[in-house]
Structure formats: C-alpha cells, structure tokens
Amino acid sequence: MSPAPAAHAILGRLRYDFTWFVVPGVAAAVAALALGLLDPRPASDTPVGLWIAGVLLVDVAHVWASLYRTYLDPVARRLHCRRLIVTPLACAWIGLLLHLESPALFWSVLAYVAIFHFIKQHVGFALIYVRAGAEGSADRRLVELAIWASTAGPVLWWHAHLPTRFVWFMPGDLLTGLPAWAGTVALAAQVPVWLVFIVRRLQLRHRGQGHPMVPWLVLIPAINWHLGIVVFDDDRIFTITNVFLHGVPYLALVWVAGGRERVRGALGRRGCAGALVLGAYYGLLVALATAEEALWDRWVWHDHPSLFGSGDIILAPQSLAMAAVVALLTVPQATHYVLDRYIWRVGPHNPSLAGQLGFR
C-alpha cells in the first residue's frame with residue numbers, strides 16, 4: 001500500500017497535473033453556471049470572443065498538436081509510416097464520397113465520430129492515472145463505465161429532446177426520433193454506476209490506494225456534459241463545456257510526450273529557454289489552426305468576415321468543388337481522430353511514450 005504510485009505525476013508535479021487536467025474543466029463548469037444563471041438569454045450563435053478562445057485557440061489547436069507525435073517525430077514516421085500515409089488519404093476519399101452522397105450524411109457521420117472521440121479522450125486521460133496509481137483491471141473497467149455512462153447518457157438525452165439551440169457541427173447533424181422517456185432512462189441509468197464508482201473510490205482511499213486524479217477526471221466530464229447538454233439550452237454554454245476540458249489537457253499531454261523534444265530539437269541551442277520553447281510549441285499550433293479556420297470561413301462557412309475577410313469564391317453547397325473542399329479541410333480533424341487510437345498506446349510502436357509519461 002505504498003503511496004508512491006498514487007502520487008505519480010504525468011507532468012512532473014501533481015499540482016501541474018491538477019492545473020492542466022482538472023482546472024480547465026472546473027473553470028468551464030463555473031463559467032457555464034455563471035452564464036446560465038446570471039445571463040440566461042437564449043443564444044443561437046457562439047460569440048466571436050468565445051469562438052476564438054475555445055474553438056480556434058483550444059479545439060482546433062489541439063487537433064494540430066498531434067503533429068508532434070506523428071509527422072514531426074522521426075521515430076513515429078518510421079514505425080507508423082504506412083498509417084501516416086494511408087489515414088489522411090482515406091479520410092479525404094471517404095469524406096468526399098460521403099459529401100457527394102449527401103452533405104447532411106457527411107456532417108452526421110463526422111458528428112458521431114467526433115462524439116465518440118471526445119468521450120474516448122476523457123477515458124484516455126483517466127486511464128493514464130489509473131495506470132499511474134497501479135490500479136487493477138476491474139477498477140480500469142469501472143472508470144471506463146463511469147465515464148461512458150456520464151457522457152453518453154446526456155448525449156442520448158440530447159437525442160430525445162431535439163431540436164436544441166446548440167448543435168455539434170450544424171443543425172440536423174444528429175438523428176431524431178428518440179422518445180423523450182428514453183432520455184430520462186439514459187440519465188437514470190447513470191445512478192447505479194455512479195454509486196458503485198463512489199463506493200469503490202472511497203474504499204481505495206481508505207486503503208491508501210488509487211490515484212487522486214482519477215475521481216476528478218471522471219467527475220469533471222460528467223458535470224460539464226450535463227451542464228452543456230441537459231441543464232442549459234445555450235450554444236455559449238455548450239461550447240464552454242465542450243472544448244476546454246479535453247483540449248487543454250491534450251495540449252499539456254502532447255507537450256510532455258514529444259512536443260517539447262520536437263521544438264527543442266528544431267530550435268537548437270536557443271531551445272534552452274523554456275518560454276521560447278513553449279511559445280514556439282503553441283505558436284505553430286495557433287498558426288496552423290488560424291490558417292485552417294480562415295479557409296473554412298472563406299470557402300465554406302462565411303461566419304467571421306471581420307476576422308478572415310469575405311471570400312471571393314462562393315461554392316454551390318452540393319457541388320463537387322464544395323465536397324472536395326470540405327473533405328480536404330476535414331482531413332486534419334479526421335486524421336487526428338484516427339491516429340489518436342494508435343499514438344497513445346504504450347508499447348513497441350511508441351517506444352518513448354512510457355518514459356515521457358514517467359512510467360517504467
């Protein structure tokens with residue numbers, strides 16, 4: 001019953017782990033409650049400031065952060081060579097075919113893949129600390145079940161109460177027809193899972209076992225997904241509770257698991273300055289995210305002319321040109337979804353990952 005495993009920190013010190021993995025979710029929940037209770041106006045669009053802070057600087061930037069563990073890593077390029085070539089090509093081709101068949105079908109498929117990916121990211125964050133706390137396979141499964149119940153439950157409730165003022169990508173991208181009672185059942189089904197989870201965590205705590213980060217990484221997604229989907233019908237709140245609690249931890253995780261090394265290697269001796277390395281690490285991601293969103297806005301959405309200007313090219317919604325543009329612009333996001341399944345597995349295909357996360 002050594003306390004050492006429970007005190008294992010992924011980011012160097014436990015307070016850093018708490019700051020980057022827990023605080024964003026807590027801040028998102030507080031902001032959501034403040035907006036929902038103090039400014040309960042119906043909002044159908046995300047304010048531009050919130051869009052910049054949440055979507056551009058966190059959500060899209062964290063997608064590009066995968067570069068540091070894939071295409072910018074010479075070892076990953078060698079070990080994942082075929083996957084790194086095939087994945088973006090397959091994503092572009094499948095995206096093109098789906099959009100040509102139906103734009104609505106394309107966005108629905110992408111929405112469900114994204115929902116699955118977001119939930120799996122929360123599961124992945126928690127399981128890192130399950131491993132760090134030397135917890136057993138039964139606890140691992142219980143943590144997974146608790147996260148899935150507390151995130152998929154609100155998603156099912158959402159389906160049972162469509163339409164809402166907030167959407168995942170665009171109106172109509174989620175399937176309708178689920179009866180309202182099914183949403184209530186989905187929320188109620190979480191209760192026994194949570195009771196078992198709480199009892200088990202109290203038991204581990206009493207024994208001096210388990211990692212103290214695990215309960216937080218199960219609780220925070222549950223609170224935010226319920227606030228953003230079930231409690232408030234507000235696009236602002238949905239954005240806040242959707243992006244920060246997965247995007248910020250991912251940026252921190254990539255930083256310790258390859259990002260810092262890649263940037264230091266590129267900067268050479270100048271990389272000794274920590275602020276310079278961090279600025280270059282995040283600066284590249286912001287530049288790529290801004291370029292991507294500028295293309296989306298000028299060619300597809302036309303939502304932020306004050307930021308990106310007015311696009312001169314207006315593409316027909318169901319044309320081949322629009323399908324090609326949308327498919328290509330979705331490649332970074334879709335590739336991130338696919339590659340994330342492989343680049344975070346400790347083992348021979350990611351030989352440095354265990355050491356980067358502080359594991360044996």
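This is a predicted model: local features need pLDDT of at least 70, side-chain atom pairs count only at pLDDT 80 or more; totals for chains, interfaces and linings use all residues.
His-302 is found in the loop between α12 and α13. Helices here are DSSP runs of H or I with at least four residues, numbered from the N terminus. Phi of His-302 is near 55 degrees, a positive value in a residue other than glycine. His-302 is partly exposed, with a relative accessible area of 34%.

Residues are numbered from 1 along each chain as its sequence is written, and side-chain values use heavy atoms, with hydrogens and water left out.

**Other backbone features**

Ala-134 also has a positive phi, about 55 degrees, although it is not a glycine. Ala-134 sits in the loop between α6 and α7. With a relative accessible area of 58%, Ala-134 is exposed.

A cis peptide bond joins Leu-162 and Pro-163, with omega about 0 degrees. Pro-163 belongs to the loop between α7 and α8 (180-188).

**The nonpolar cores**

A nonpolar core is a set of buried Ala, Val, Leu, Ile, Met, Phe, Trp, Tyr and Cys residues joined through side-chain atoms within 4.5 Å. In soluble globular proteins, nonpolar side chains tend to be buried together.

The largest core has 85 residues. Ile-10, Val-143 and Tyr-281 have the most contacts inside it. Helix α6 (residues 103-132) gives this core its largest share, 16 residues. A second, separate core has 7 residues, among them Leu-50, Val-58, Phe-244 and Val-248.

What does Ile-10 contact, leaving aside its neighbours within four places in sequence? Contact means heavy atoms within 4.5 Å. The partners of Ile-10 include Ile-128, Tyr-129 and Ala-132. Leu-253 and Val-256 are also among them, as are Gln-356, Leu-357 and Phe-359. Asp-17 is another partner of Ile-10.

**Two helices in detail**

Helix α3 (residues 48-64) has a kink of about 30 degrees, centred on Val-55. The bend at a residue is the angle between axes fitted to the seven residues ending there and the seven starting there. In α3, 12 of the 17 residues are buried, so this helix is largely enclosed by the rest of the structure. Val-55 is one of the buried residues. Others include Leu-50, Trp-51, Val-58, His-62 and Trp-64. The buried residues of α3 pack against α6, α11, α12 (274-301), α13 (305-308) and α14 (320-343).

Helix α10 (residues 213-231) has 19 residues. From first C-alpha to last, α10 reaches 26 Å, close to the 27 Å expected at 1.5 Å a residue. That expected span is 1.5 Å times one less than the number of residues. The buried residues of α10 include Met-213, Pro-221, Asn-224, Trp-225 and Ile-229. Their cover includes α1 (14-21), α2 (23-38), α6, α7 (137-159), α9 (190-207) and α11 (235-267).

**Salt bridges**

Side chains of opposite charge can pair when their charged atoms come close. A salt bridge is a side-chain nitrogen of Lys or Arg within 4 Å of a carboxyl oxygen of Asp or Glu. By this rule the count comes to 7. The table lists some of them.

| Pair | N to O distance |
|---|---|
| Asp-39 and Arg-236 | 2.9 Å |
| Glu-135 and Arg-201 | 2.8 Å |
| Arg-140 and Glu-144 | 3.8 Å |

The pair of Asp-39 and Arg-236 links distant parts of the chain, 197 residues apart. Asp-39 lies in the loop between α2 and α3, and Arg-236 in helix α11. Asp-39 is partly exposed, at 29% relative accessibility, whereas Arg-236 is buried, at 2%. Asp-39, Asp-234 and Arg-236 are linked in a network of salt bridges.

Glu-135 and Arg-201 also link distant parts of the chain, 66 residues apart. Glu-135 is in the loop between α6 and α7, and Arg-201 is in helix α9. Glu-135 counts as buried at 13% relative accessibility. Arg-201 counts as buried at 10%.

Arg-140 and Glu-144 are 4 residues apart in helix α7, so about one helical turn separates them. Arg-140 is partly exposed, with a relative accessible area of 41%.

How values were computed
Buried means under 20% relative accessible area, exposed over 50%, partly exposed in between (1.4 Å probe, protein chains only).
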